[in-house]
Amino acid sequence: MKKITITLFLILFVSSLTAQVGQSRILEVKDGQMDKFMSGVAKKTQMYNNSEDSANFVTFQILTGPNATDFIRVRWMESINELDNPVDAEELSYWNKVARPYYTEGAARVWQRNAAASYVPEDSTGNLRRVIYYNYKDSGEQDFWRFRQRVKKSMVESGYGSAMNVLGCASGCNGNWVQVRFSHDGYSGQSADYGEPLQAMIEKYNELYGNDAYEQDSEKVDASLMPEGRRIRHLMLMPEMSSSSWN
């Protein structure tokens, strides 16, 4: 058991060395200010965040849950070290002019992408995100991450057509929070992805890891979670409010 635990830790540690990092903020739009907010964020992003040397931002509108119609804006970085870079004064001043008056700031968090559990096929498209937030117990870490890595392997082997990105909360969360983000081409694309492609992935999972392994491992994940440790939200990528690398 100790050897398995050490091996799992090494896998996660190595993947974290090349993982990308996102600094996210929830932006709660003030009543009656939606058009001005969206226009301001789009203008600022197109002016200051579309070159190779500029900060890279992606913006999502929240579609479901308590913050529905608000936004999540994420500064996406190759390394958390980039947070040490000073904010350009002119860029910040412009943001304060065209966007800051129209929102209040909610929760801020730092998320780290886990490459060992994430899967992005070639030509993956779709602006809709179905995001499952998990909060697992300390004692459930091994069962949780084993399942996530096995799902990634099964997606690769089955040729799953949609992306799945797995991010762990590095700062700003209480507990072991993880978000698993599935990309879909609208709600019809979600329905299609969870039909035959999902079944093919489950069949490959059982082929790789044993009969009924998917169901058994899923049950172990359920047992690994804290009370109310699973939440589902839908988000929509807003291309005009995001850096061109996301379009």
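Predicted model: local features only at pLDDT ≥ 70, side-chain atom pairs only at ≥ 80, totals over all residues.
**View 1. The barrel, strand by strand.** Let's start with the overall sheet: eight strands form a closed barrel in the order β1-β3-β2-β8-β5-β7-β6-β4, and their pairing is antiparallel. On average, neighbouring strands of this sheet are turned by 35° against each other, direction ignored. Two helices to look for here are α2 and α7. Helix α2 (residues 34-48) packs on the sheet and touches β1 (21-29), β2 (56-62), β3 (71-77) and β4 (103-113). The direction of α2 makes about 10° with that of β3. Helix α7 packs on the sheet too, but its contacts are with β5 and β8. Here the angle is about 105°, taken between the directions of α7 and β8.

**View 2. Strand β5 and its two partners.** Now zoom in on β5, which covers residues 128-136. On one side, β5 pairs with strand β7 (residues 176-184) in the antiparallel sense, over nine bridges. In that pairing, Y134 sits opposite V178 of β7. The other partner in this view is strand β8 (residues 225-237), which is also antiparallel to β5 and joined to it over eight bridges. As a bit of background, strands of a sheet pair through backbone hydrogen bonds, and they can do so either parallel or antiparallel.

Is β5 mostly covered or mostly open? It is mostly covered, with nine of its nine residues buried. That goes for both faces: L128, R130, I132, Y134 and Y136 are buried on one side, and R129, V131, Y133 and N135 are buried on the other.

**View 3. Where helices α4 and α7 cross.** Helix α4 (residues 141-158) and helix α7 (residues 213-224) have axes that come within 8 Å and cross at roughly 140°. The crossing of α4 past α7 is left-handed. Who does the touching? From α4 it's D143, F144, R146, F147 and R150, and from α7 it's Y214, D217, S218, K220, V221 and S224. Sorted by class, this contact has four nonpolar, two polar and five charged residues.

**View 4. A170 and its neighbours.** Residue A170 belongs to strand β6 (residues 164-171). Its relative accessibility is 48%, so A170 counts as partly exposed. Look for R109 in this view as well: it is 61 residues away from A170 along the chain, yet the C-alpha atoms of the two are separated by 7.6 Å. Leaving aside residues up to four places away in sequence, A170 touches V110 and W111.

**View 5. Two residues with a positive phi.** Most residues other than glycine have a negative phi. D212 is not a glycine, but its phi is positive, at about 65°. You'll find D212 in the loop between α6 (196-209) and α7. With 45% relative accessibility, D212 counts as partly exposed. E228, again not a glycine, has a positive phi of about 55°. This residue lies in strand β8. Is E228 buried or exposed? E228 is exposed, because its relative accessible area is 68%.

Key
Residues numbered from 1 in each chain as written. Heavy atoms only, no water. Buried < 20%, exposed > 50% of the residue type's maximum accessible area, 1.4 Å probe, protein only. Helix = DSSP H or I, 4+ residues; strand = E, 2+ residues; numbered from the N terminus. Pairing = 2+ DSSP bridges. Axes fitted to C-alpha atoms, helices over the stretch in contact; angles between N-to-C directions. Left-handed = near helix turned anticlockwise from the far one by under 90°. Contact = heavy atoms within 4.5 Å. Nonpolar A, V, L, I, M, F, W, Y, C, P; charged D, E, K, R; others polar.
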